[in-house]
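Hi,

Here is the structure I said I would pass on. Have a look at it first, and then read on for what I found.

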Amino acid sequence: MSPRSASVNEELRRRSRERLLQAAVELVSEHGYEATTLGDIADRAGSARGLTSYYFPGKRQLVQSAVHRLMHRTLEEALEREPHTEDGKERMARAIDAILGLARDRPLLMRQHMAGLLQAEGFMPCPEQQRLAELLRDTVARHGSNDVDADYPMLRALLMGSVYAALVPGVPMPIPVLRAELFARYRLDRGLGVPPDTDEASGGTYETDLSRFFATGDRSPGQATGDRSDPWPTGQSK
């Protein structure tokens, strides 16, 4: 047999990494972080257990990358859904609703993610997080920011704080209240985005099949994946 080409090997590595990310999101959603092992993730992904260390230094970084992938693809889907719009206020509303929707529909996963950010390892940059950052920066810019470098971190902090407030055990704040506060700050009409009291929102975004967020299927040569050789573009915040 002739050896596999470099492009075939790259595609196999891409699929393996994507399957690990998807498996991590599924298992942590089902069982929580502590009850999920790297071996469990590898088994769910159909990968060799030692392969996880090839892509990720440890479980915490793997789970952070997996959640950031889910967040950036959920946000991307919300921003680009029909009817497509370039209106800055509508896109900001969609962004807020997308992130709050994850807190509503995947509380265990998002609670574990927030807890992980407060651990000693803290926030660990990854390509998935960078794509999420790019979408949020673009949302801030389209909303009319005159200083994206200052306004993007504020939006990120407000969204993280709202997710935390919605999920803190014992004293969670209602998501509609948090949404109203964020909408007021950004001067958004409550009818924009996906209001929580609509039929669309009440159905939730929760689905057990997450495959559309993780590109593990076949791909024709040259098809775009959204990945770049340089995941940290010059001038972007890490």
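Let me start with a question: which are the buried residues of helix 9? They are Ile-175, Leu-178, Arg-179, Leu-182 and Phe-183. Looking down the axis of helix 9, you'll see that these buried residues fall within an arc of 135°, so they line one face of the helix. The general rule behind this is that an α-helix has 3.6 residues a turn, so residues three or four places apart point the same way. On the face turned away from the buried side, helix 9 carries the exposed residues Glu-181 and Ala-184. As for partners, the buried residues of helix 9 pack against helix 5 and helix 8. Just after helix 9 comes Arg-187, with a positive phi of about 55°.

Before going further, please keep in mind that this is a predicted model.

Now the overall picture. The protein has 10 helices and 0 strands. Its chain has 238 residues, and 45% of them count as buried. If you take the contacts between residues at least 6 apart in sequence, 72% join residues at least 24 apart.

Next, the core. The largest nonpolar core has 56 residues, and Leu-75 and Ile-96 are the ones that touch the most other members. Elements giving two or more residues to this core are helix 1, helix 2 (38-45), helix 4, helix 5, helix 6, helix 7 (127-142), helix 8 and helix 9 (175-185). Leaving out residues up to four places away in sequence, Leu-75 touches Ala-95, Ala-98, Leu-132, Leu-135 and Leu-136. As general background, nonpolar side chains in soluble globular proteins tend to be buried together.

Ile-96 turns up again where helix 5 meets helix 8. On the helix 5 side are Met-92, Ile-96, Ile-99, Leu-100 and Ala-103, and they meet Leu-155, Leu-159, Ser-162, Val-163, Ala-166 and Leu-167 in helix 8. By class, this contact has 10 nonpolar residues, 1 polar and no charged ones. The two helices pack at an angle of about 35°, with their axes 9 Å apart, and the crossing is right-handed.

Helix 8 (residues 148-167) also holds Arg-156. Is Arg-156 buried or partly exposed? Its relative accessible area is 31%, so Arg-156 is partly exposed. Its C-alpha atom is separated by 8.4 Å from that of Ala-133, 23 residues apart along the chain.

Helix 6 (residues 107-117) is worth a look too. Its buried residues are Leu-109, Met-110, His-113, Met-114, Gly-116 and Leu-117. Down the axis of helix 6, they fall within an arc of 160°, so they line one face of the helix. What covers them includes helix 1 (6-31), helix 4 (59-80), helix 5 (88-105) and helix 8.

Ser-65 counts as buried because its relative accessibility is 1%, and the cut-off for buried is under 20%. Which residues is Ser-65 in contact with, leaving aside its neighbours within four places in sequence? Those are Leu-21, Phe-56, Cys-126 and Glu-128.

Over to you!

Technical notes. Residues numbered from 1 in each chain as written. Predicted model: local features only at pLDDT ≥ 70, side-chain atom pairs only at ≥ 80, totals over all residues. Heavy atoms only, no water. Helix = DSSP H or I, 4+ residues; strand = E, 2+ residues; numbered from the N terminus. Buried < 20%, exposed > 50% of the residue type's maximum accessible area, 1.4 Å probe, protein only. Arc of directions from axis to C-beta. Contact = heavy atoms within 4.5 Å. Axes fitted to C-alpha atoms, helices over the stretch in contact; angles between N-to-C directions. Left-handed = near helix turned anticlockwise from the far one by under 90°. Nonpolar A, V, L, I, M, F, W, Y, C, P; charged D, E, K, R; others polar. Core = buried A, V, L, I, M, F, W, Y, C linked by side-chain atoms within 4.5 Å.
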